[in-house]
Amino acid sequence: MESFFVCENCGNSNKKYIGIRNGIKYCRLCLEFSGKKVKYVKNNPINAKPLLNYELTNEQKEISLKVTTNFIKNKNTLIYAVCGAGKTELVYDVISYALKKGMQVGFTIPRREVVIELAHRIKSTFPKAKVICVYGGQTEILEGNIIVLTTHQLFRYPNFFDLLIFDEIDAFPYKGNELLKIMFKKSIRGNYVIMSATPSKEIIKEIKNSGQILTLFTRFHLYEIPEPKIYYGFLFTKIIITLYKTHKYIKNHKPVLIFAPTIGIATYLFEIIKKFIKNGGLVHSKVKSNSSIINDFKKGKLNYLVTTSVLERGITIKGLQVIIFNADHDIYDKETLVQIAGRVGRKKEEPTGDIIFLITRITTAISASMIDIREKNEYLHSVYGTN
């Protein structure tokens, strides 16, 4: 009689994905999730209050307290907050509470670049804690007080995190990946806090059944989210507008992100722009030096970047201006357009800026994104008046 096999890693029992090697059954579905795993050990308590050189708004303080209260009551939380609301600051209090109790704290994000940046930020906020970074190619040190990691590395921590914070839960490559969802759930020992500016209906429904949804529809500096400006035209017109606007922004010492829907279009567009405007860069998933190019852009060494949606999240630069070339492309859904628009005006020093949609037609996604942004701004005015 054939023995029944269930993968300990992902729970798969489908014969289609079960192989046999040297007479031993193994799961082919989750082969990429192999490597050293960490056993749970309680940490030494750390009295570590977050070090901030700014004060939270009253709304931020209120939500921060509710997040901690939920955690103490063993309830999960979804923080539904607009881009630029200061989501990370909302979980500092609950992290501090967990550290005092010697709990294992994790902070996971789908994208490696954002993990690296966030780890530096958390280290400066909690200098007493051992903050480690875990992602592909960086897996030598796996234990610490606060573990900042990509979602692909969660498999190393089965039944491990007393507190697991998940930012950008709706982002690629986690979005739509059932295996990663399994790894996320299997890594949780206690409770989780998830954060998003564009949560799916599925996520909202799940949290309603297991916890509480907390909303924050104002940016921390209490300025509007810049609403997109629409320019119509075909290819030649859109290229001319891109060149004109980019040149104008750079002349005014403003960095520019130019989004394109595909690698092919991004490459084509960059080849044209660089003939007229120097000191730019190209970023997409097949560029090996992405991290160094992005760092040069953040440091002001590059004036503009042409990019695919790899930079739709996790980038905050003072004075940033954004152009979306072919914003009516099918690849851009409402959530992606809202996220890209949210790159503009994130800094208190420069809370305004341009977000330009270059299109030939209005799509459902464009209409929905503009309605979403407008509704959030109307909420701001209803609560705080006009800024």
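Biologist: Hi! Let's start with Y80. Is Y80 buried or exposed?
Modeller: This is a predicted model, and in it Y80 counts as buried because its relative accessibility is 17%, and buried means under 20%.

Biologist: Nice. And how many aromatic pairs does the structure hold?
Modeller: There are twelve aromatic pairs in the structure. One of them brings Y80 together with F217: the pair is edge-to-face, with 5.0 Å from centre to centre and 80 degrees between the planes.

Biologist: Where do Y80 and F217 sit in the chain?
Modeller: Y80 belongs to strand β3 (residues 76-81), while F217 is in the loop between β9 (211-216) and β10 (229-232). The two are 137 residues apart, and the pair links these distant parts of the chain.

Biologist: Okay, what about Y92 and F126?
Modeller: Y92 and F126 are an edge-to-face pair too, at 5.7 Å centre to centre with 80 degrees between the planes. Y92 is in helix α2 (residues 92-100) and F126 is in the loop between α3 (112-125) and β5 (131-134), so this pair ties together parts 34 residues apart in sequence. Both Y92 and F126 are buried.

Biologist: Which residues do ring pairs link into a cluster?
Modeller: That cluster is made of Y40, Y157, F160 and F161. Two of those neighbours lead us to S187: among the residues that S187 touches are Y157, F160 and F161, along with L154 and L164.

Biologist: Where is S187, then, and is S187 buried or exposed?
Modeller: You'll find S187 in the loop between α4 (178-186) and β8 (188-196). S187 counts as buried, because its relative accessibility is 0%.

Biologist: Switching topic: which charged ends sit over rings?
Modeller: The charged end of R21 is over the ring of Y26, 4.5 Å from the ring centre. The charged end of K238 is over the ring of F325, at 5.7 Å from the centre.

Biologist: And helices α1 and α2, at what angle do they pack?
Modeller: Helix α1 (residues 58-72) packs with α2 at about 40 degrees, and their axes are 7 Å apart. On the α1 side the contact is made by S64, V67, T68, F71 and I72, and on the α2 side by D93, V94, Y97 and A98. By class, that contact has six nonpolar, two polar and one charged residues.

Biologist: Now the sheets. What is the strand order in the seven-stranded one?
Modeller: That open sheet runs β5-β6-β4-β7-β8-β3-β9, with parallel pairing. β5 and β9 each have a single partner strand, so one side of each has no neighbour in the sheet. From one strand to the next, the twist averages 20 degrees.

Biologist: How many bridges join β5 to β6?
Modeller: Four bridges join β5 to β6 (residues 146-150), and these strands run parallel. C133 stands opposite V148 of β6.

Biologist: And what order do the six strands of the other sheet take?
Modeller: They go β10-β15-β14-β11-β13-β12, an open sheet with parallel pairing. β10 and β12 (280-283) are at the edges with a single partner strand each, so one side of each is left without a neighbour there.

Biologist: Which strand does β10 share bridges with, and which helix packs on that sheet?
Modeller: Four bridges join β10 to β15 (residues 355-359), and the two run parallel; Y232 stands opposite I359 in β15. Helix α6 (residues 235-251) packs on this sheet, and the strands it touches include β10, β14 and β15. The direction of α6 makes about 170 degrees with that of β14.

How values were computed. Residues are numbered from 1 along each chain as its sequence is written. This is a predicted model: local features need pLDDT of at least 70, side-chain atom pairs count only at pLDDT 80 or more; totals for chains, interfaces and linings use all residues. Side-chain values use heavy atoms; hydrogens and water are left out. Rings of Phe, Tyr and Trp (its six-membered ring) pair if their centres lie within 6.5 Å; planes under 30 degrees apart count as stacked, over 60 as edge-to-face and the rest as tilted. Buried means under 20% relative accessible area, exposed over 50%, partly exposed in between (1.4 Å probe, protein chains only). A charge sits over a ring if NZ of Lys or CZ of Arg is within 6 Å of the ring centre and within 35 degrees of the ring normal. Axes are lines fitted to C-alpha atoms, for helices over the stretch in contact, and angles run from 0 to 180 degrees between N-to-C directions. Contact means heavy atoms within 4.5 Å. Ala, Val, Leu, Ile, Met, Phe, Trp, Tyr, Cys and Pro count as nonpolar, Asp, Glu, Lys and Arg as charged, and the others, Gly among them, as polar. Two strands pair if DSSP finds at least two bridges between them. Lists of a residue's contacts leave out its neighbours within four places in sequence.
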